[in-house]
Amino acid sequence: MPETVPTARHAVRAYLSAAETSDPPSSDIALAVSEAVTNVVQHAYAQDDPGSVRVRVEIHEREVEVMVQDDGAGVVPRPDSPGIGLGLPLIATISERFDVRKRRGGGTRVCIWFLLDPDAATLDD
């Protein structure tokens, strides 16, 4: 459902804030979560058959790892897509690295890593 995008973004921002993660990179992370969850909303499930999306954030010594996972059809092109197809390229630009994989049994898993160093962030606070 489209309303899951801001819900996920706000939950991640709150978690990062509680963990005293600097901003940046919090803004980059929130933007990447928005883009990844938007991809789930637009591509993973049929319009009349919504499904689940899971977001996990782990803060390590030097980086933050974000995982967005669904049980849907996977990231496949849609000729009727309302987006312009810039979500994954944007994630690639603002993250240190990312990985997209099909899940065994269906669905997609996107893992995104960000350096905790504010000087490495793409977006200004």
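This is a predicted model: local features need pLDDT of at least 70, side-chain atom pairs count only at pLDDT 80 or more; totals for chains, interfaces and linings use all residues.

1. Strand 1 (residues 53–59) and strand 2 (residues 63–70) run antiparallel and are joined by seven bridges. Three residues lie between the two strands of this hairpin.

2. Read from the N terminus, the order of elements is α-α-β-β-α-β-β.

3. Next, the helix pair. Helix 2 (residues 26–44) packs against helix 3 (residues 87–94) at an angle of about 155 degrees, and their axes are 9 Å apart. Because angles over 145 degrees count as roughly antiparallel, helix 2 is roughly antiparallel to helix 3. The crossing of helix 2 past helix 3 is left-handed.

4. Which residues make the contact between these helices? Helix 2 contributes Asp28, Leu31, Ala32, Glu35, Ala36 and Asn39, while helix 3 contributes Gly87, Leu88, Leu90, Ile91 and Ile94. Sorted by class, the contact of helix 2 with helix 3 has seven nonpolar residues, two polar and two charged.

5. Finally, two values for the chain as a whole. Of its 125 residues, 36% are buried. Among the contacts with a separation of 6 or more, 65% are between residues 24 or more positions apart.

Notes. Residues are numbered from 1 along each chain as its sequence is written. Side-chain values use heavy atoms; hydrogens and water are left out. Axes are lines fitted to C-alpha atoms, for helices over the stretch in contact, and angles run from 0 to 180 degrees between N-to-C directions. Helices (H or I, at least four residues) and strands (E, at least two) are DSSP runs, numbered from the N terminus. Angles under 35 degrees count as roughly parallel, over 145 as roughly antiparallel, 65 to 115 as roughly perpendicular and the rest as oblique. A crossing is left-handed if the near helix is turned anticlockwise from the far one by less than a right angle, and right-handed if clockwise. Contact means heavy atoms within 4.5 Å. Ala, Val, Leu, Ile, Met, Phe, Trp, Tyr, Cys and Pro count as nonpolar, Asp, Glu, Lys and Arg as charged, and the others, Gly among them, as polar. Two strands pair if DSSP finds at least two bridges between them. Buried means under 20% relative accessible area, exposed over 50%, partly exposed in between (1.4 Å probe, protein chains only).
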